[in-house]
Amino acid sequence: MRALFLAAALALSATVPSAHADPVVELIAAVKPSVVAIGTHDPARQPQDVILGTGFAVGDGTHIMTALHVVRGANTGSLSIFVGEGDNATIHRVTQVAADADHDIALLKIEGKTLPALRLFLGQPLMEGEEIAFTGFPVGAVYGLYPATHRGIISAITPIARSQANPADLTPEMIRALDKKTMAYQLDATSYPGNSGGPMVDPGDGSVVGIINSTFVQETKERALDRPSGITFAIPIPPAIEMLKKAGLQP
């Protein structure tokens with residue numbers, strides 16, 4: 001009787017999918033080592049570390065792609081990336097080597113560190129309804145340096161324009177960028193301030209199809225935690241591919 005029960009149990013387990021069969025489980029494990037937090041480090045400041053956004057390794061593994069507005073948020077301290085999770089994170093200085101204000105993307109160079117680079121998607125632009133996933137540090141890693149992954153679909157392809165809280169902060173290139181209609185993916189997935197600059201990937205093969213750019217916040221940045229709008233925008237990856245090629249790197 002016991003032998004019959006064991007045989008039946010084994011047959012049932014063969015037909016029931018494992019809890020870890022979801023390809024997104026493998027996707028997260030593959031993407032996370034390439035995703036970093038971007039911020040500033042200043043030993044004389046409290047707190048010493050301030051997280052501004054997210055980035056990801058590209059090209060030869062010594063370069064980081066992110067959103068340009070994340071880099072421009074580094075007003076004090078050394079522009080740095082934070083690699084790893086929790087108490088095991090390490091800090092590495094970076095310098096900006098290229099920027100595209102029209103598409104709000106920037107390329108950084110790491111000092112003394114090589115990371116596994118993500119592959120950029122070279123196919124046709126995505127269509128409405130296609131599934132995506134993105135990994136980053138919501139609200140500047142307010143709960144600690146632990147990257148979070150969200151899933152969703154492309155709900156629309158629409159123009160966006162970044163606004164500035166203080167008109168005095170506008171530069172001529174920012175004004176020109178605001179006048180242009182940059183097409184972006186509108187997502188039904190929820191991101192938060194701090195996700196900006198992170199990779200949006202194809203769940204099928206892990207290639208980067210876009211860069212998280214902005215989140216529509218209904219009230220204040222602080223209320224984004226308990227009252228997220230659920231509307232996120234991402235810049236399609238072609239401008240980032242061109243930036244890498246100009247820098248002599250493979251996408």
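Local features were considered at pLDDT of at least 70 and side-chain atom pairs at pLDDT 80 or more, whereas totals for chains, interfaces and linings use all residues of the predicted model. Residues are numbered from 1 along each chain as its sequence is written, and side-chain values use heavy atoms, with hydrogens and water left out.

Six strands form a closed barrel in the order 1-2-3-6-5-4, with antiparallel pairing; strands are DSSP runs of E with at least two residues, helices are runs of H or I with at least four, and both are numbered from the N terminus. Two strands are taken to pair if DSSP finds at least two bridges between them. From one strand to the next, the twist averages 45°, where axes are lines fitted to C-alpha atoms (for helices, over the stretch in contact) and angles run from 0 to 180 degrees between N-to-C directions. Helix 5 packs on the sheet and touches strand 2, strand 3 (63-67), strand 5 and strand 6, contact being defined as heavy atoms within 4.5 Å. The direction of helix 5 makes about 40° with that of strand 6. Strand 4 (residues 78-83) and strand 5 (residues 90-100) run antiparallel and are joined by four bridges; Val83 stands opposite Thr90 in strand 5.

The largest nonpolar core comprises 25 residues, of which Phe56, Met65 and Leu120 touch the most other members. Such a core is a set of buried Ala, Val, Leu, Ile, Met, Phe, Trp, Tyr and Cys residues joined through side-chain atoms within 4.5 Å; buried denotes under 20% relative accessible area, exposed over 50%, and partly exposed in between (1.4 Å probe, protein chains only). Elements that give two or more residues to this core include helix 2 (23-31), strand 1 (35-41) and helix 5 (238-246). Helix 5 gives the most, with four residues. Another core, of 16 residues, lies apart from it and includes Ala67, Val83, Val94 and Leu115.

Within helix 5, the buried residues are Pro239, Ala240, Ile241, Met243 and Leu244. Gly248, with a positive phi near 75°, follows this helix.

Ser34 is found in the loop between helix 2 and strand 1 and is buried, with a relative accessible area of 1%. Excluding residues up to four places away in sequence, Ser34 touches Gly55, Phe56, Ala57, Pro116, Ala117 and Leu118. The Ser34 side chain also reaches the backbone oxygen of Pro116 at 2.4 Å.

Definitions and conventions
Polar contact = N/O pair within 3.5 Å; in protein donor to acceptor, adjacent residues only side chain to side chain.
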